[in-house]
Amino acid sequence: MAVIRIAAAGDLHASEASRERVMRAFERVESEADVILLAGDLTTTGEPDQARVLADAARELSIPVFAVLGNHDTHAGRVDEVRAVLEEAGVHVLDRSWKSCSIAGLEVGIVGTKGFVGGFPGSALPDFGEPLMRSVYAETTLEAEAIGKGLQEIVHCDLRIVLLHYAPVQATIEGEPEGIHVMLGSDRLATPIAEYGADLVLHGHAHAGSFEGHIGQIPVYNVAVHVTGRDFWIFDLEGARGHSAVEVEGPGPAV
Ligand SMILES: [Fe+2]
Ligand SMILES: [Fe+2]
């Protein structure tokens, strides 16, 4: 049975100030993993120059890099430029979309999107009232629908991964003040994952959150570097047709 090594990190918040650390982390992880997944907040404030730091780190890598954007990456209103800088360096930026790649003879499908806010039972935003509030609800609906559509489209893949920035479960944001849980994710993002299935779900955003959660039997990990305490966390995903199992391999290289 083939094992895919996945290096995951969220919330790198790259900028010129962290260039050396980012470059070194990517160089070191290249030999430890088959694929790199970045769970958003790639930049500090969404400036293309900050994205260039990540782009430079990813450009020469021999392994594929997939990324979703985070809320910080949208802050400067220059998402198209940030995305272009990353894509020029070969990073696959997923936004309500999916891609697949072949690793060790297995087809690995990755559904990626930023996700959005909305909260969890007890504090969830309703679809009610002012148009502005209802448009927030509608935005999360679009994210959830994209996850469901993507999972249906990669149903043929041997391994299926969902890559988000916002949390789909409350367990992985535990540790954050309850008052901001509504801003950290939404359980509505978990609904399509529970319905269509996946082998692994990764997100970031909740810097003070918790590492591990579940959607039914599906493992969910908050891979924000503030949570993992490492530049990358390495997951071993074991796959064969009709079967998969995730092993938490332990910390990736610390810099
Ligand atoms: Fe962040
Ligand atoms: Fe964030």
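## A buried threonine

Thr140 counts as buried because its relative accessibility is 1%, where buried means under 20% relative accessible area, exposed over 50% and partly exposed in between, using a 1.4 Å probe and protein chains only. This is a predicted model, in which local features need pLDDT of at least 70, side-chain atom pairs count only at pLDDT 80 or more, and totals for chains, interfaces and linings use all residues. Side-chain values use heavy atoms, with hydrogens and water left out, while residues are numbered from 1 along each chain as its sequence is written, and chains are lettered from A and ligands numbered from 1 in the order in which they are written.

You will find Thr140 in helix H4 (residues 131-153); helices (H or I, at least four residues) and strands (E, at least two) are DSSP runs, numbered from the N terminus. Leaving aside residues up to four places away in sequence, Thr140 touches Phe116, Val117, Ser186, Arg188 and Leu189, with contact meaning heavy atoms within 4.5 Å. Arg78 is 62 residues from Thr140 in sequence and 21 Å from it in space, C-alpha to C-alpha.

## The iron ion (ligand 1)

Now to the metals. Asp11 (OD), His13 (NE2), Asp41 (OD) and His207 (NE2) coordinate the iron ion (ligand 1) at 2.0 to 2.3 Å. Donors are N, O and S atoms within 2.8 Å of the metal (3.2 Å for Na, K and Ca), and water is not among the atoms, so sites may look incomplete. Along the sequence, the donor residues are spaced D-x1-H-x27-D-x165-H.

The angles among the four donor atoms of the iron ion (ligand 1) run from 88 to 166°, and the site is irregular. Four donors count as tetrahedral if all angles lie between 85 and 135 degrees; four count as square planar and six as octahedral if opposite donors are over 155 degrees apart and all others between 65 and 115; anything else is irregular.

The iron ion (ligand 2) is held at 2.1 to 2.3 Å by Asp41 (OD), Asn71 (OD1), His165 (NE2) and His205 (ND1). Its arrangement is irregular because the four donor atoms subtend angles of 90 to 156°.

Which residue bridges the iron ion (ligand 1) and the iron ion (ligand 2)? Asp41 does, and the two ions lie 3.5 Å apart. Asp41 sits in the loop between strand S2 (35-39) and helix H2 (48-59), while His207, 166 residues away, is in the loop between strand S8 (200-203) and strand S9 (212-215). Asp41 counts as buried because its relative accessibility is 1%, whereas His207, at 29%, counts as partly exposed.
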